[in-house]
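Here's a quick briefing to read with the model open beside you.

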Amino acid sequence: MRLTCMFSFILLFGAAGLVVFIHLQDPEEIVHQQTPGIKYNMGFQQPKKDCISSNNQHGRLRKNTSDGVATVKRSGSLHLSENVPTKLHSTDRRQSSVMSVMKEHQQKGEEINSMRLHKRRRRFVIKKSPILISMNSSALSLPTLKSEDRNNNKWKSLYQIQRERKRIMRETCSKYKSNNRRIITPYHVSRIFVEDKYRVLYCEVPKAGCSNWKRVLMVLNGLASSTKDIQHNTVHYGNYLKKLDGFDRKGIYHRLNTYTKMLFIREPFEKLVSAFRDKFEHPNNYYHPVFGKAIISRYRANATKEALRTGSGVKFKEFIQYLLDVHRPVGMDIHWDHVNRLCSPCLIDYDFVGKFESMEEDANFFLHLIGAPQNLTFPKFKDRHSNDERTTTKITQQYFAQLSPSQRQRSYDFYYMDYLMFNYSKPFEDLY
């Protein structure tokens, strides 16, 4: 009987000691024992290769990861608690000692855990927000017209159009967006290309003349003598142009506040149809297997084995079903994402807002404002599927006529902020 009691108390004491030990351990330190710690990377990530308008579209899908949290958990070192007595000779002493030790270590553990919690929170904030730029509004506004241009009615008219576009954009942002935390991170500038010679920042919007704008930036930078000499693959895979997120904190801050920032946009439905025609109506070894197979599998009843195998032949109605599905079988893509998310116009104060519909006029006006060489004009050629007719308002309406009124309304709602921010009219009369 006595042996049984002693054995029971030993088990009780062992369990209590284990509870104390577990209580004093920091989860981040346990992970640290399993994985080597890594240093905090306070620098920028290298810019990803841009694969706009090409068959090999790597890195398209947006990925929301918790890498920041995982990295924090690997840091820290293990602090062992004080030694706990292993044997007591009497029942009373055993019980009282266990209670005393647990109470003592509980008090110490609370203090230690409080300090560690504070440190973990600090490290978490550092990792999740590696680059914070508190001042993000530009020191520039729309570039001032030269004295000799002020009597030119054409330049004056274009200048007033720019002022009006910026006004509408700012008012929309003020009304619908919260700017309480005006902080720019590398993600917000990941689609902005840098041209240092003429001090230009260009936010790339796919299907709105971005290939030709990259050609222009390359000529401005002295990388080519003419836009006609630059092939499509050179534009998108040559890595000749720098991206803003490739600079350090000081470099980003300096350029945002001193360079001329511009973006070109396009009527949202027309841009969407243009992207669909380009990616799904022509052979494409990225969009068909990645997007096409998932879309056909989810939204086409009785799909053939060939369609499921190749992902080719996606219909526009199926594509819209995917776009509007809150549980998409495959992620979003920059070709049909909102301009509001691609370029963050409510966070970054763009100096110039051009439109695809008036591309030649707007682009050449911008080049005039920045003092570009007079022989440099915006190229007119279509470098992909050049035999196809450009996507026009008429073609766009033909595609959207395939949809039900409800689908058209939901599509309009999806791009509502782009319509509002850039002052585009409703594409169909029955929309509200």
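Of the contacts in the protein with a separation of 6 or more, 76% are between residues 24 or more positions apart; contact here means heavy atoms within 4.5 Å. This is a predicted model, where local features need pLDDT of at least 70, side-chain atom pairs count only at pLDDT 80 or more, and totals for chains, interfaces and linings use all residues. Numbering starts from 1 along each chain as its sequence is written, and side-chain values use heavy atoms, with hydrogens and water left out.

**Overall make-up**
- You'll find 17 helices and 5 strands in the protein, taken as DSSP runs (helices H or I, at least four residues; strands E, at least two) numbered from the N terminus.
- Of the 432 residues, 46% are buried, as in under 20% relative accessible area with a 1.4 Å probe, protein chains only.

**Nonpolar cores**
- A nonpolar core is a set of buried Ala, Val, Leu, Ile, Met, Phe, Trp, Tyr and Cys residues joined through side-chain atoms within 4.5 Å.
- The largest one has 64 residues, and Phe 319, Tyr 322 and Trp 336 touch the most other members.
- Apart from that core lies another of 32 residues, including Val 216 and Ile 370.
- Leaving out residues up to four places away in sequence, Trp 336 touches Phe 319, Tyr 322 and Lys 271, among others.

**Lys 214**
- Lys 214 sits in helix α6, which covers residues 210-220.
- Lys 214 counts as buried because its relative accessibility is 1%.
- The side chains of Lys 214 and Glu 204 make a polar contact of 2.7 Å (N or O atoms within 3.5 Å, one able to donate a hydrogen and the other to accept it; residues adjacent in sequence count only if both atoms are side-chain atoms).

Methods. Buried means under 20% relative accessible area, exposed over 50%, partly exposed in between (1.4 Å probe, protein chains only).
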